[in-house]
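Colleague: I'd like to go through this model with you and ask where the labels come from. Can you start with the terms and then go to the values?

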Amino acid sequence: MRLDERACKLEFGVYSVINKSICRLAMFVLVFGPLVAAQDHNSAATKQDPSPVGKGVDYLLNYLNMAGTMKARDFRPLTQRERTQLYLKTMVNPLGYIKAGFSAGIDQWKDKPPEWEQGASGYGKRFANLVGQYSIQRTVTFGLGSALHEDNRYFNSGKKGLWPRAGYAVASGLLARHDDGSRYVSISQVGGVAAGAFLSRAWQPSSQQTAGDGAVSFGISMASNMGFSVVKEFLPDLGRVITKKRKIR
């Protein structure tokens, strides 16, 4: 296979995986999006809500790493205790395991990687692989974020217009806030994604162990983060629209 053909095949594969990842997140949005409309502007109130709706909102916002429906102007720095609580909740969030199970099923259907074969054993390896990558990424991001005082939560822009909001969202996939509210490239997030992408090569089969495979995984994850940020920006709007239509009926 010529070099240009390999490049085209790799590019197509990257875009295909990104599109599939966005579709998976969209499924969560369609199922849980209306719950966001019930989220109070004070996120602490939702955390204290023991109802199924309150718990559902809490799970969704924690999974998406969103600061509720709070806008950027409402930012305040997290205490270390708050950081730790968010991290621990993320590690046991059922939505993360549901997504891992769904993604493992897709990899099983595609027989990827082929060394893990089919059956319950193959599915278990694929599921454990995804959970392992996710856990490494979250843990490294938490550790670096705590040390560097970086806040990777998503705050709604508060801007008007499609393109200003979309531009803010895309940039948010790469930026983090410091205690003074300023935004810089998120070392903790980039480091976490890189750790998950490259350290997981240690248990991957031979067909997935090269540095190039790790680089592709890193690039896909970072691009997906930027795409998901756009969904996060408009998710509260979607929830309000759906809820409003239900009230009219």
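Modeller: Buried means under 20% relative accessible area, exposed over 50%, and partly exposed in between, with a 1.4 Å probe and protein chains only. On that scale, 40% of the 249 residues of the protein chain count as buried. Bear in mind that this is a predicted model, where local features need pLDDT of at least 70, side-chain atom pairs count only at pLDDT 80 or more, and totals for chains, interfaces and linings use all residues. Residues are numbered from 1 along each chain as its sequence is written, and side-chain values use heavy atoms, leaving out hydrogens and water.

Colleague: Why is Asp-151 called buried?

Modeller: Its relative accessibility is 5%, so Asp-151 counts as buried. Asp-151 lies in the loop between α6 and β2; helices (H or I, at least four residues) and strands (E, at least two) are DSSP runs, numbered from the N terminus.

Colleague: What makes the link between the side chains of Asp-151 and Arg-153 a polar contact?

Modeller: A polar contact is a pair of N or O atoms within 3.5 Å; within protein, one must be able to donate a hydrogen and the other to accept it, and residues adjacent in sequence count only if both atoms are side-chain atoms. The two side chains make theirs at 2.8 Å.

Colleague: Which residues is Asp-151 in contact with, leaving aside its neighbours within four places in sequence?

Modeller: Contact means heavy atoms within 4.5 Å. With those neighbours set aside, Asp-151 is in contact with Phe-75, Arg-76, Leu-78, Arg-83, Ala-176 and Arg-177.

Colleague: What makes a void count as a cavity?

Modeller: On a 1 Å grid over the protein atoms alone, it is a set of points where a 1.4 Å probe fits but cannot get out; lining residues have an atom within 4 Å of a point. The lining of the largest cavity includes Met-91, Asn-93 and Tyr-134. The elements giving two or more residues to that lining are α5 (94-110) and α6 (119-148).

Terms used
On a 1 Å grid over the protein atoms alone, a cavity is a set of points where a 1.4 Å probe fits but cannot get out, and a pocket is an open set with protein on both sides within 12 Å along at least five of seven lines; lining residues have an atom within 4 Å of a point.
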